[in-house]
Amino acid sequence: MDTRLSQTTPASVVVAAPESESHASHADHRLFGLATFLVADGMTFAGFFAAYLTFKAVNPLPEGSSYELELILPSINTVLLLVSSLTFHRAGVTCRSGQMTRSQAWLLVTTALGAAFLAGQMVEYFSLPFGLRDNLFASTFYALTGFHGLHVTLGVICILVVYWQARPGGRITAASHFGLEAAELYWHFVDGIWVVLYGILYLL
Amino acid sequence: MTVANPAELEQGLQPQGWLKYFSFSLDHKVIGIQYLVCGFLFYFIGGALAGVIRTELASPLSDFVSRDTYNEVLTLHGTIMIFLWIVPVVNGAFGNYLIPFYVGARDMAFPRLNAVAFWLIPPAGILLISSYFLAGAASQSGWTAYPPLSLTTPAAGQIVWILSVLLLGGSSIFGGINFIATVLKLRRPGLKMMQLPMFCWAMLGTSILVVLSTPVLAGTLILLSFDIIAHTGFFNPALGGNVVVYQHLFWFYSHPAVYIMVLPAFGLVSEILPVHARKPLFGYATMVYSIMAIVVLGLIVWAHHMFTSGTPPWMRLFFTIATSFIAVPTGIKFFNWLATLWGGKIALNSAVLFSCAFIFNFVFGGITGVALAQVPFDIHVHDTYFVVAHFHYIVYGGSVFVIFASLYHWYPKFTGRLLNEDLGRLHFLLTFIGFNLCFAPQHWLGLNGMPRRVAEYDPAFTTWNQVSSVGALLMAISTLPLVINVVLTAVSGPLAGDNPWRALTPEWLTTSPPPVENWAGEAPLVTEPYGYGEHPGAMDLGGLSGRDLWSTGKS
């Protein structure tokens, strides 16, 4: 068998460059991967939003359906989440500058705000005059807010894990803090989704 | 900032030899082979189900299986072939095996996520198939699971179907994230995007579609499961819901899914043809732009599946025009492949035969696709065998033919041994004749009004249905030479050497099979993956004519 070509290297092939990366280590692309995943997650919400808007446009609710929403509680919740984004941002800044104790304090504040949001959501659920199966609006309302609530719950758990890892001697330090950055990106995403959800579901 | 690569750290813990294919291996090559073998197992199951369908349809009466069983069989056939065979194999198998080579990397960007993505597939597949035995009745509403049909068929089977598809969708999304990160972030320093082999672009485009559209299907199926379990009314008109919303959301994924199945095939063919024609890939830049145009257009044509669902006229107009536009980038690719072959030193081996048959079949399926995009014609043949024929010309005549071509082309790289060409060409002949015999008559059946998904039909259609069933039998027989070939070659096939095709793409510039880290030394920087004809070394065939190239492994 003629294997000359496999032995000789074509001119277009350059072998050996000192800057090429070895298998043992390469740049950290995990945040990029998470961001791509959040795009996918955002598309799930986009599908739900599209369904909700179509239902709203073409499917009139039967006579006497209750679909009125109070604005005060969700508006307070919106403020809570927006502030929690700010506090998480402060946690990230203080972590990167090495003030781990302050970073942990900001994380605790963020957790409290997230938990308060979930509590507010619960209060709203129990005070609403309609249940999951009452009408199309009710079903879509619970599906959307419930799916978002799941995201917030997961986010709060993540923040608590990050809080634990940021303790003195923990995994997260000023030099190595992927977990904190990932949780922060995710939290901002969940907050952003809520703002859209609030606009579409409550204001529109 | 750098992190230790998990593949490196866990190397010592991994089982070696054949056992590694049953382990949570992080090596992209092992995962690629896992996808491939797993996919072929499901292909045989899905093929057996197709055999049941064609046996039932050999006579007009429902006399082979009961009507309910027939519905279960066609649902399982469609779901298995799409979600467990074509999508995992063209994306997972060849994508995982080749992409790290092509970008000059030692592995995928996220090796552990990669292994998780693969290991979601066997449980999902077993779950799906077990629903036939365990839950009493498998899903009967077709792979589209349209409500209200999917709300009235047995609920347990439908829920298991949804769970299985959700798992497979998750696997697909994880894979897509990995491919995007690998192509965009893991390229060897000095390697530019426009120097990448075409398969990288195809996988990038496919993965963008996966990431943007699969989550919408997941959300939709979650709402559908609410309708089934909690009796909400999202898609149930009796409860004030809207079935058309389900169709919109479903096709927002499932039309791009066709491109998720066929874009990687485009990429693989673009790798195979230049090597065996000894010519550069014609129109590299236009190929790249075509792929990206198909990605964009593929996301805005979904409602052409719904022309009979009460779609308003403006929507019909928009989706007809957008769909017809897809013929332009696809046509560019078609003519580029022909121009690549034109005047080349073509080796008519099995890989090339399957690739050329792909071009032939795909053009035919593409033309019927443009026809189906036209509302007046679509309304006539909607839900008839014409659609079945068109679809199989795209996914079998397109994607599956390319899977076979790729198997003959890359088997020497996977195993270090060349597949037998005589058995390969017998496989090709049986597949090509069987496929066309099976599906070409279905165009005629559909035009004359034979509905799809029904176990019984008008006796006037008997003859052509029997022709179609004979074709299916030939396709079943055609797997024999393939299986014999693969098994015999694995045991005692002729050694292939590192680069039997004298190809220039990076996966051939290493040993066959490649070492764990892909190259013994530094990764090569290949800036002209199709530089045939421009480098004397690549064209010097040592006095052999192109036609003889296929037999070099034997001498």
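Colleague: Leaving aside its neighbours within four places in sequence, which residues is Thr140(A) in contact with?

Modeller: This is a predicted model, and the answer is read from its coordinates. Thr140(A) sits in helix 5 (residues 136–165) of chain A. Contact here requires C-beta atoms within 7 Å. Once neighbours within four places in sequence are set aside, the partners of Thr140(A) are Ala51(A), Tyr52(A) and Phe55(A).

Colleague: Does Thr140(A) count as buried or exposed?

Modeller: A residue is buried if 20 or more other C-beta atoms lie within 10 Å of its own. Thr140(A) has 24 C-beta neighbours inside 10 Å, so Thr140(A) counts as buried.

Colleague: What distance separates the C-alpha atoms of Thr140(A) and Gly47(A)?

Modeller: Along the chain, Thr140(A) and Gly47(A) are 93 residues apart.

Colleague: Turning to chain B, how are helix 2 and helix 4 of chain B oriented to each other?

Modeller: Helix 2 (residues 28–56) of chain B and helix 4 (residues 111–119) of chain B pack with their axes 10 Å apart, at an angle of about 10°. Angles under 35 degrees count as roughly parallel. Helix 2 of chain B and helix 4 of chain B are therefore roughly parallel.

Colleague: How many charged residues are in the contact of helix 2 of chain B with helix 4 of chain B?

Modeller: From helix 2 of chain B come His28(B), Ile31(B), Gln34(B) and Tyr35(B), and they meet Pro111(B), Asn114(B), Ala115(B) and Phe118(B) of helix 4 of chain B. By class, this contact has five nonpolar and three polar residues, and the number of charged residues is none.

Colleague: Does Arg502(B) count as buried or exposed?

Modeller: Arg502(B) is in the loop between helix 16 and strand 2 of chain B. Its phi is near 50°, a positive value in a residue other than glycine. With 24 C-beta neighbours inside 10 Å, Arg502(B) counts as buried.

Colleague: Which residue is joined to Pro148(B) by a cis peptide bond?

Modeller: Pro148(B) is in the loop between helix 5 (121–133) and helix 6 (149–152) of chain B. The bond has an omega of about 0°, and the residue joined to Pro148(B) is Pro147(B).

Key:
Residues numbered from 1 in each chain as written. Chains lettered and ligands numbered in written order. Predicted model: local features only at pLDDT ≥ 70, side-chain atom pairs only at ≥ 80, totals over all residues. Helix = DSSP H or I, 4+ residues; strand = E, 2+ residues; numbered from the N terminus. Buried ≥ 20, exposed ≤ 12 C-beta atoms within 10 Å, placed from the backbone. Contact = placed C-beta atoms within 7 Å. Axes fitted to C-alpha atoms, helices over the stretch in contact; angles between N-to-C directions. Parallel < 35°, antiparallel > 145°, perpendicular 65-115°, else oblique. Nonpolar A, V, L, I, M, F, W, Y, C, P; charged D, E, K, R; others polar.
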